[in-house]
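This briefing covers one protein model, grouped by topic. The sequence and structure come first, and the notes follow.

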Amino acid sequence: MSKKDPKYKSALQEQEGITPPKVLNIHSVKSIKAKRSKQPSTSDLVNGITNGDITALSRAITLVESTNTSHNKKANEVITACLPYANNSVRIGITGVPGVGKSTFIEAFGSHLTKLGKKIAVLAVDPSSTLSKGSILGDKTRMEDLVKNQNAYIRPSPSGNSLGGVARKTRETIILCEAAGFDTIMIETVGVGQSETAVHSMVDFFLLLKLAGAGDELQGIKRGIIEMADAIVINKADGDNLRAAKSAKVEFNRALHLYPEKESGWLPKVSLCSALKHTGIEEVWEMITKYITATKDNHYFNQNRNNQNKFWLLQTIEERLKSNFYNSERIKTELKQQLQLVEAGKTTPFVAAEYLLSL
């Protein structure tokens, strides 16, 4: 039987749905389109941000994250205007392997802080696909209770090609959130477990979430990310896993004594929590509060932020040089030719690189 035959019935049936109304308010449609197409000025964005307007904050972050070079000037103007209102928050970096419960922990932790009268901003960085270049950006879906909290703001951003599990413009986004009145900024990394230097260089307190039973005692004395952590929190310490979590706490405490003393003078702590059961959350905040007080008393807090500013100055220069290099029309043409020569075996990657850099 042919598909064109009226008696033909496909296995896929589409039921008749509700017909949308044919009558639309043309004036309302034009008004909405005009409003969306209108770009706010720099002063409008800055005034909105400093008055706590979330819409203005979101539009400014989108502007800052834009890779369109024509947006750079306006984005820099917004950031510069917001600087006098920034640097008045506690910045917390939260990392851990995928599945450790970062989103669940942040929701429980953020809810606890809002009950204490804090205004929190969560900058959730989502991993970008190396193939499609896309990101799911599903952290708001995971934090379904926190996203409805009026004293919380959640902004998911794609990691792009950035290393360290942070978005390219996370640093600038922190400034905008501080100017909007958020006194606690949490940065959730993609959880790669490697190259977390970028996160560490933009926060005041670096929190590492771990799972019990994820490895032997040697895991506790491995260098790298654990060495940078100001606290290790063993999540999912509940039910049958509680005993293993307590054992892991002892092992990590032993391991941390083998590390050299930090410049901050702070001895990293290990604690247990269950984000699902909301236990141990209060103790984590008390630990962070003690750290902030101690580092401000010994002047390390401001010294660390000054060092971070210098680091990001150099990072910004490197990023701009790289961007200018690849956006050069001459480089684009020559690069294409050199790639063909490398593919044909007529030159080496190193010689081709030297030639392109010499241009």
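L321 sits in helix α12, residues 300-327; helices (H or I, at least four residues) and strands (E, at least two) are DSSP runs, numbered from the N terminus. The model is predicted, so local features need pLDDT of at least 70 and side-chain atom pairs count only at pLDDT 80 or more, while totals for chains, interfaces and linings use all residues. Residues are numbered from 1 along each chain as its sequence is written, and side-chain values use heavy atoms, with hydrogens and water left out.

**Surface patch**

- L321 is exposed, with a relative accessible area of 56%; the classes are buried under 20% relative accessible area, exposed over 50% and partly exposed in between (1.4 Å probe, protein chains only).
- Together, L313, L314, I317 and L321 make a nonpolar surface patch of about 400 Å².
- Patches are made of residues with over 30% relative accessible area and no salt bridge, with like charges joined within 9 Å and nonpolar side chains (Val, Leu, Ile, Met, Phe, Trp, Tyr) within 5 Å.
- Accessible areas come from the Shrake-Rupley method with a 1.4 Å probe, and for residues only the protein chains shown count as cover.

**Helix α3**

- Helix α3 has twelve residues, 54-65, which at 1.5 Å a residue should span 16 Å, and its end C-alpha atoms are 16 Å apart, in agreement; the expected span is 1.5 Å times one less than the number of residues.
- The buried residues in α3 include A56, L57, S58, A60, I61, L63 and V64.

**Aromatic pairs**

- Rings of Phe, Tyr and Trp (its six-membered ring) pair if their centres lie within 6.5 Å; planes under 30 degrees apart count as stacked, over 60 as edge-to-face and the rest as tilted.
- By this rule there are seven aromatic pairs.
- F105 and F109 are a stacked pair, because their ring centres are 5.4 Å apart and their planes are at 15°.
- These two residues, F105 and F109, are four residues apart in helix α5 (residues 102-115), which means a separation of about one helical turn.
- Both F105 and F109 are buried.
- F205 and Y291 have ring centres 5.0 Å apart and planes at 75°, so this pair is edge-to-face.
- Because F205 lies in strand β5 (residues 205-210) and Y291 in helix α11 (residues 281-297), the pair ties together parts that are 86 residues apart in sequence.
- Both F205 and Y291 are buried.
- One aromatic cluster is formed by F105, F109 and W285.

**Salt bridges**

- The whole structure holds six salt bridges, each defined as a side-chain nitrogen of Lys or Arg within 4 Å of a carboxyl oxygen of Asp or Glu.
- D204 and R305 form a salt bridge whose closest N and O atoms are 2.6 Å apart.
- D204 lies in the loop between α8 (197-200) and β5, and R305 in helix α12, so the pair ties together parts that are 101 residues apart in sequence.
- Both D204 and R305 are buried.
- K169 and E172 form another salt bridge, with the closest N and O atoms 3.8 Å apart.
- K169 is buried at a relative accessible area of 16%, and E172 is buried at 17%.
- A network of salt bridges links K169, E172 and E319.
- In the salt bridge between E329 and K332, the closest N and O atoms are 3.6 Å apart.
- E329 and K332 are three residues apart in helix α13 (residues 329-343), so about one helical turn separates them.
- E329 counts as exposed at 56% relative accessibility, whereas K332 counts as partly exposed at 41%.

- A108 belongs to helix α5 and is buried, with a relative accessible area of 3%.
- A108 and L276 are 168 residues apart in sequence, and their C-alpha atoms are 7.7 Å apart in space.

- N87, which is not a glycine, has a positive phi of about 65°.
- N87 is in the loop between α4 (72-82) and β1 (90-95) and is partly exposed at 45% relative accessibility.
- K236 likewise has a positive phi, near 60°, and is a residue other than glycine.
- K236 is in the loop between β6 (231-234) and α10 (242-256) and is partly exposed, with a relative accessible area of 36%.
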